[in-house]
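This briefing sets out selected structural features for computational work. Please read it alongside the sequence and the coordinates.

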Amino acid sequence: MLEKDWVHLNRADPEYEKGAWNFVKTVTRNLGNPERILCPCIDCRNVETLCGSTVVDHLVRRGMELKYKQRKDWYEHGEHISSDDENDEMVDNETYNLYRAAHFFDKDYMKLAEFGNEDYIELAKDIHDEDFISKLEDAETPLYPNCLNYNKLSATVALFQLKTQSGWTDKSFNELLETLPRMLPKDNVLQTSLYFVKKFLKTFEMGYEKIHACENDCCLFRKEYKDLDSCPKCGYSRWKINKRTKEIKKGVPVKILRYFPIIPRFKRMFRYEKMAEDLRWHFNNKSNDDKMRHPVDSVTWDLVNDKWEPFAADPRNLRLGLSTDGFNPFSMLSSKYSCWPMMLVTYNLPPALCMTKENIMLTLLIPGPKQPGNDIDVYLQPLIEDLQHLWHNGVEAYDAFSRKNFNLKAIFLWTISDFPAYGNLAGCSTKGKMACPLCGNNTHHRWLTFSRKFAYMGHRKFLSPAHSFREKKRWFDNNVEHGRKPRILTGRNISTALKSFPNDFGKGDKTKKRKRNENAIDDNDDSDNDGDASNADGDLEELLRWKKRSIFFDLPYWEELPLQARLCGPVHFRWMYPFERYMKTLKDYVRNHARPEGCIAESYLAEECMRSTLITLSDRDKRNAHLAVLMNTAMVDPYLE
């Protein structure tokens with residue numbers, strides 16, 4: 001134990017200075033004789049590391065920080081932490097929080113909550129395998145013996161983020177990792193290559209999957225196609241081919257889809273207590289004055305609550321929206337390169353958090369140079385499979401707010417996109433004679449001969465039959481409007497009509513035009529399908545404007561959700577502006593124009609790792625980080641004098 005009587009003396013007393021010197025010498029000896037130690041003065045506050053003589057000078061001239069001075073144990077200088085603080089440190093410890101949800105059931109956590117860190121490790125050995133224990137201990141290892149500022153996890157994340165923000169190449173980063181260990185004290189645990197850095201981060205379920213794709217967007221090389229060397233449909237090689245020698249570069253894929261798995265990220269959201277609490281916001285904050293302020297006030301939200309009551313009963317179940325659009329990742333406006341990110345948002349959160357940058361989740365990064373078009377369904381397969389699993393079975397997750405495990409489920413409510421991307425996702429025509437998604441084959445169109453394009457009028461048919469505008473010729477197109485608004489198909493109508501639709505994905509040579517499938521509508525004797533049988537002929541005509549059966553119909557609830565955007569709540573939760581701003585952030589990640597998607601994926605991963613680490617820091621670590629920023633800000637300097 002360190003001697004503490006001197007700290008309560010008058011700083012002008014010689015015994016105070018003598019006690020400060022004894023304090024510095026004892027701490028230096030206990031910590032292995034480092035050149036610098038943390039200064040506990042009222043200004044440095046255990047953030048700044050200084051040499052021993054400077055620490056004594058600060059203590060004599062300024063005095064020790066009051067809160068630290070009153071503690072029974074000076075934990076920042078090697079003293080044993082008291083049992084109460086030890087338990088708090090265990091609960092708030094970043095590595096413990098990251099692993100708790102992934103590996104512990106609630107009953108195990110309740111047992112472990114009674115123990116400190118050392119007892120916790122011993123008890124955990126009886127519950128979990130040795131591999132888990134070794135990962136836990138490895139992540140908490142100090143960067144080098146007696147290191148107070150960094151452990152293996154925090155050092156790895158900090159260096160990885162520095163790499164992505166500064167645009168370092170993999171080669172230069174590997175050289176840095178080879179050099180740094182030789183500069184650090186002996187027995188340091190710093191990673192020695194980028195490969196080991198990524199492997200280490202994956203133990204925290206942080207990373208992304210690389211899935212090879214066909215050059216013509218015919219298929220993904222996964223599952224039954226995992227071991228193929230060429231596309232089973234178009235025959236194009238999976239690997240790059242040297243244009244001069246025609247040599248196949250096996251192991252170098254032509255196209256790579258990057259998928260950031262959503263399930264571990266959803267589970268990680270609930271590991272942070274404040275986030276877990278915010279994800280319940282929607283349950284008790286529905287408007288009572290018939291005004292819509294959030295999607296929770298929408299017709300779609302009420303439909304989900306009424307139709308799937310067990311799902312709606314748990315406020316932790318997630319409700320999601322998906323947005324996508326193509327963007328040019330380069331600064332050159334003339335470039336025809338088109339990269340397509342798929343972004344998820346969670347609508348459980350309060351209005352101020354729903355559409356923020358931090359809560360937009362990149363899930364898929366579809367590579368260029370060509371846009372996927374109607375073949376976008378090929379790239380959506382891994383995401384749809386995870387959404388199906390989250391709906392049918394759910395996943396076991398740990399809730400840091402209630403400190404209990406629960407079965408997490410999710411539902412996908414709607415897509416957010418511009419009009420051309422809407423056509424790609426839905427599979428319907430958004431141009432030409434049948435451009436209107438609602439009117440379909442009855443779209444009122446007129447070809448402008450000299451402008452060489454279609455113009456769309458005839459909107460007066462949506463007015464009431466007695467409306468005076470129907471008779472106004474000169475105001476519109478010199479015609480009286482006698483038409484009636486068309487019948488709008490429901491999701492179930494469309495799903496039934498396209499049930500046997502032959503999807504033909506890929507951009508290979510297609511010499512034959514697609515023929516309308518005469519058997520697209522099966523005979524259906526079920527009278528519960530809102531008049532499907534009586535309108536079979538009309539639905540058959542609707543097939544003329546469909547290019548595919550959307551993969552979203554593989555979700556069992558998709559055909560039940562409303563089609564009209566006006567039923568989905570306030571528009572600012574469903575417009576493209578937040579996502580377009582976020583795509584500008586993704587564009588700024590590109591440093592290597594030869595590998596734009598790789599730059600975006602690596603930079604996004606580093607940003608996500610840093611956020612996940614920061615939200616699990618203890619209050620003490622957050623306070624120290626905040627003080628470190630203030631101590632190095634020029635604006636604050638005049639107040640420190």
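The points below cover the sheet, the hairpin, the helix pairs, a pocket and the backbone.

The model is predicted. An open sheet of six strands, ordered β3-β6-β9-β8-β7-β12, shows mixed pairing.

- Six bridges connect strand β7 (residues 318-324) with β12 in the parallel sense, and L320 stands opposite F412 of β12.

- Strands β10 (residues 395-399) and β11 (residues 404-408) run antiparallel and are joined by five bridges.
- V395 has L408 in β11 as its bridge partner.
- Four residues lie between the two strands of the hairpin, and R403 takes a positive phi near 60°.

**Helix pairs**

- Two packed helices are described by the angle between their axes and the distance between the axes.
- Helix α1 (residues 14-30) and helix α2 (residues 52-62) cross at roughly 145°, and their axes come within 9 Å. The crossing of α1 and α2 is right-handed.
- On the α1 side the contact involves Y16, E17, A20, W21, F23 and V24, which meet G52, S53, V55, V56, L59 and V60 of α2. By class, the contact of α1 with α2 comprises nine nonpolar residues, two polar and one charged.
- Helix α9 (residues 152-166) packs against helix α10 (residues 170-183) at an angle of about 145°, with the axes 11 Å apart. The crossing of α9 and α10 is right-handed.
- L159, F160 and K163 of α9 make the contact with D170, F173, L177 and L180 of α10. Five nonpolar and two charged residues form this contact, with no polar residue.

**Second largest pocket**

- The pocket is lined by 42 residues, of which K240, R258, A594, R595 and E597 are the closest to its centre.
- The lining divides into 17 nonpolar, 10 polar and 15 charged residues.
- Two or more lining residues come from each of α9, α11 (194-202), β4 (239-241), β5 (248-253), β6 (255-259) and α22 (596-614). Helix α22 gives the largest share of the lining, six residues.

**Backbone geometry**

- Most residues other than glycine have a negative phi, and most peptide bonds are trans.
- K223, in the loop between β3 and β4, has a positive phi near 55°.
- The peptide bond from G368 to P369 is cis, with omega near 5°. P369 is found in the loop between β9 and α17.

Methods: Residues are numbered from 1 along each chain as its sequence is written. This is a predicted model: local features need pLDDT of at least 70, side-chain atom pairs count only at pLDDT 80 or more; totals for chains, interfaces and linings use all residues. Side-chain values use heavy atoms; hydrogens and water are left out. Axes are lines fitted to C-alpha atoms, for helices over the stretch in contact, and angles run from 0 to 180 degrees between N-to-C directions. A crossing is left-handed if the near helix is turned anticlockwise from the far one by less than a right angle, and right-handed if clockwise. Contact means heavy atoms within 4.5 Å. Ala, Val, Leu, Ile, Met, Phe, Trp, Tyr, Cys and Pro count as nonpolar, Asp, Glu, Lys and Arg as charged, and the others, Gly among them, as polar. Two strands pair if DSSP finds at least two bridges between them. On a 1 Å grid over the protein atoms alone, a cavity is a set of points where a 1.4 Å probe fits but cannot get out, and a pocket is an open set with protein on both sides within 12 Å along at least five of seven lines; lining residues have an atom within 4 Å of a point.
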